[in-house]
Amino acid sequence: MIIMVNQTKANFSHEFTIFVDGRLSYKGTSSPITSINDNTLTDRSGMLLYETYADTATSLMNLLPFKWLWSEKLSKVHVVLDGSREIVGKFQFVKSGYLKMHYAISYKDYNLKLYRYSYGSNIHLLLFHDDVQIGQYNKNNVVTNNLDMYTLYLLDKYLELAPILSLFTIYFDSYNYARRGEYVAYKVEKNWEWTYHQDNDKYDPQWLQLHF
């Protein structure tokens, strides 16, 4: 399946629409003020499905300098709640050892890892479950009026992950590309990035064409 996460507002509010195989399926928001505020995901009618809140206690415990040299350092920690306010998962950024880092998603019985891989104008997130790649995000590197766009190519057998991964995309954007404090019109920006870490070799240039 193909999941498209399109930002529709970026100035006084940050809003997103999410299409699954071309059909409008979800809507979402992130905070225009700070990345530690809540992110939300609703169905297309506006009913709340999931939201996140920042686990600041865990993040503060990991502020010790160079902690990653001997153990995992966690940051950007957000707990995921469902519409009944039950905890169903967690998002976090994990750094361990020298130049080893990934995003982690826990949801129900899933423990997923996402590795950021960028070279020049190509920006990807590689999604793994049990050390097997199950998806790949491509981020549009040309951004108009600070409205980011993501395309997630996800194997069909993982359909139940579509909503939680849509919410993760909003969380990821909030921490990495929110551009808070900018109020723009008629702006076009092209992003160029390079990642340098020990997991760069997880990128398989053939994966997308083999599965899609």
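In this predicted model, the largest nonpolar core has 40 residues. A nonpolar core is here a set of buried Ala, Val, Leu, Ile, Met, Phe, Trp, Tyr and Cys residues joined through side-chain atoms within 4.5 Å; buried means under 20% relative accessible area, exposed over 50%, and partly exposed in between, with a 1.4 Å probe and protein chains only. The residues with the most contacts inside this core are Ile3, Leu154, Leu161, Leu165 and Phe168. Helix 2 supplies its largest share, eight residues. Helices (H or I, at least four residues) and strands (E, at least two) are DSSP runs, numbered from the N terminus.

Apart from neighbours within four places in sequence, Leu161 is in contact (heavy atoms within 4.5 Å) with Tyr107, Tyr110, Leu112 and Ile134. A second, separate core of five residues includes Tyr115, Tyr117, Leu126 and Tyr203.

The loop between helix 2 (162-176) and strand 14 (188-190) holds Arg179, and Tyr186 also has its place in the loop between helix 2 and strand 14. Phi is positive in Arg179, a residue other than glycine, and likewise positive in Tyr186, again a residue other than glycine. The values are as follows.

| Residue | Phi | Relative accessible area |
|---|---|---|
| Arg179 | near 50° | 15%, buried |
| Tyr186 | near 60° | 78%, exposed |

Residues are numbered from 1 along each chain as its sequence is written. Local features need pLDDT of at least 70 and side-chain atom pairs count only at pLDDT 80 or more, while totals for chains, interfaces and linings use all residues, and side-chain values use heavy atoms, with hydrogens and water left out.
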